Amino acid sequence: MAILIKNIKELLQIEDTPKLYVKGQEMKKMQILKDAWLFLKEGKIEEFGPMNKFNEREISNKFPNMEVIDASGKMVMPTFVDSHTHLVYPASREIEYIDKIKGLSYEEIAKRGGGILNSAKKMKEISEEELFNSAMKRLNEIAAYGTGAVEIKSGYGLTTESELKMLRVIKKLKEHSPLTIKASFLGAHSIPVEYRGKQEKYVDLVINEMLPRVAEQKLADYLDVFCDVGFFTVKDTERILEAGQKYGMRGKIHANELDYSGGIQTGVKYNALSVDHLEFTGNEEIEALLGSETMPTILPGAAFFLGMVYAPARKMIDAGLPIAMASDFNPGSSPSGNMQFILSMASIAYKMLPEEAINATTINTAYAMGLSKELGSIAKGKKANVIITSEIPSYEYLPYYYGTNKVETVILNGERFN
Ligand code: NIG
Ligand code: FE
């Protein structure tokens with residue numbers, strides 16, 4: 001199977017020497033090729049170049065069955081990589097959202113047994129098949145908006161059986177979906193009501209019962225903890241991340257969404273692959289992140305939907321840090337997995353330039369999923385996951401013209417998704 005895309009108005013995010021991620025001032029740079037062609041073969045990016053050095057006959061002689069796509073007036077770029085989602089969930093929570101409109105905070109809703117605990121209750125009742133089918137629909141929805149790889153967390157189980165059930169569903173999605181998927185075990189997402197006042201006992205359960213079974217059945221790539229006020233403490237988080245190290249599982253943790261929780265420093269201390277949310281990031285947190293291998297990941301959808309303060313992305317980039325941006329797609333705090341919206345939020349709310357926004361949602365999120373050697377840019381040998389946009393005037397238009405779908409065609413593993 002081969003696809004030739006020709007007459008591309010602008011081929012975005014190309015790399016001759018692929019990088020694992022970009023940080024600081026480099027985030028402003030994005031290599032583009034105007035009036036270009038791109039050749040995809042056997043699921044990989046084979047070659048690309050300018051139209052004025054292009055011999056279609058030479059390629060079509062070698063690959064007579066290849067599909068030719070004319071991308072006149074259109075942009076081609078790598079698919080988005082969404083490195084933080086909770087898209088396997090049993091039911092939407094729009095009723096609870098009405099309480100939020102009436103003035104209850106996320107923490108207040110959680111205290112009343114709503115929020116994550118509400119999802120956990122429903123998780124017990126739903127069949128694995130229903131869970132799989134609903135998640136598959138969401139995967140297809142985000143792929144149509146241009147997402148080609150996605151991380152999915154457990155964390156709506158909160159019992160050993162339910163957590164394993166969620167992770168089995170994610171495993172099945174990996175097998176059946178053309179998207180590239182990574183799974184994170186998030187047993188420490190919330191404290192079940194019966195463990196209130198003795199949450200270290202729940203942490204014991206996560207460490208001694210859940211984690212060994214998750215590891216033994218190879219159900220998760222990464223380990224997550226919600227390290228924040230009212231949820232898990234630094235001590236809980238350290239215990240869990242330490243236990244994960246025995247199984248070679250790196251952390252990707254929820255940190256500093258609700259307060260200066262110490263989560264960022266803890267993530268860095270345990271060499272987490274990413275720390276995510278980061279609304280409460282000050283000088284100390286920036287200092288801890290500098291020079292580390294931990295990707296600071298901002299989740300604009302949650303901050304927007306919950307009406308929170310925005311993480312200081314500009315300050316972090318100017319201090320020399322990389323920034324990744326993911327959707328946090330979940331039924332409570334970010335009911336959208338549309339990465340085009342995240343791209344726009346990067347510019348509108350976080351004052352990031354279009355190039356920074358594209359880097360944050362492609363190569364840097366690929367790093368935050370451990371995938372930047374195979375995804376996140378247009379480079380020879382990388383996976384053929386590309387987006388062809390509709391006819392648009394410039395790539396700057398992508399974050400600017402927010403709220404509509406500008407992705408026309410999505411190619412995953414070298415094959416048309418739509
Ligand atoms: O990333 N912050 C913690 N967890 C999720 C919310 C999950 C939910 O409310 O269902 C988040 O925002
Ligand atoms: Fe999350």
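Start by selecting asparagine 271, which is partly exposed because its relative accessible area is 32% (buried means under 20%, exposed over 50%, partly exposed in between, with a 1.4 Å probe and protein chains only). Asparagine 271 sits in the loop between α9 (263–269) and β11 (274–277); helices (H or I, at least four residues) and strands (E, at least two) are DSSP runs, numbered from the N terminus. Check the backbone here: asparagine 271 is not a glycine, yet has a positive phi of about 55°. Most residues other than glycine have a negative phi.

Before moving on, a word about the model. It is a predicted one, in which local features need pLDDT of at least 70 and side-chain atom pairs count only at pLDDT 80 or more, while totals for chains, interfaces and linings use all residues. Residues are numbered from 1 along each chain as its sequence is written, chains are lettered from A and ligands numbered from 1 in the order in which they are written, and side-chain values use heavy atoms, with hydrogens and water left out.

**Next stop: glutamate 42.** Go to the loop between β2 and β3 (44–50), where glutamate 42 is found. Glutamate 42 also has a positive phi, of about 45°, without being a glycine. Its relative accessibility is 63%, so glutamate 42 counts as exposed.

**Then glutamine 13.** Select the loop between β1 (2–12) and β2 (32–41) and pick out glutamine 13. Its relative accessibility is 4%, so glutamine 13 counts as buried. What is around it? Leaving aside neighbours within four places in sequence, glutamine 13 is in contact (heavy atoms within 4.5 Å) with Met30, Gln31, Pro78, Ile358, Asn359, Thr362, Ile363, Gly376, Ser377 and Ile378.

**On to helix α10.** Show residues 283–289 and find glutamate 285. Is glutamate 285 buried or exposed? It counts as buried, because its relative accessibility is 5%. Beyond the neighbours within four places in sequence, show Asn256, Tyr260, Ile264, Gln265 and Phe280, which are in contact with glutamate 285.

**Helix α11.** Phenylalanine 304 lies in this helix, residues 300–306. Apart from neighbours within four places in sequence, phenylalanine 304 is in contact with Tyr310, Phe341 and Met345. For methionine 345, which is 41 residues away along the chain, the C-alpha separation from phenylalanine 304 is 8.7 Å.

**A whole helix: α6.** Select residues 160–176: these 17 residues reach 24 Å from first C-alpha to last, close to the 24 Å expected at 1.5 Å a residue (the expected span is 1.5 Å times one less than the number of residues). Colour the buried residues, among them Leu164, Leu167, Val169, Ile170 and Leu173. Then show what covers them, including α4 (116–125), α5 (128–144), β7 (147–153), β8 (180–188) and α7 (199–216).

**Zoom out.** The chain has 16 helices and 16 strands, and its C-alpha atoms fill a box of roughly 70 × 45 × 45 Å along the principal axes. Of its 418 residues, 61% count as buried. Among contacts with a separation of 6 or more, 73% join residues 24 or more positions apart.
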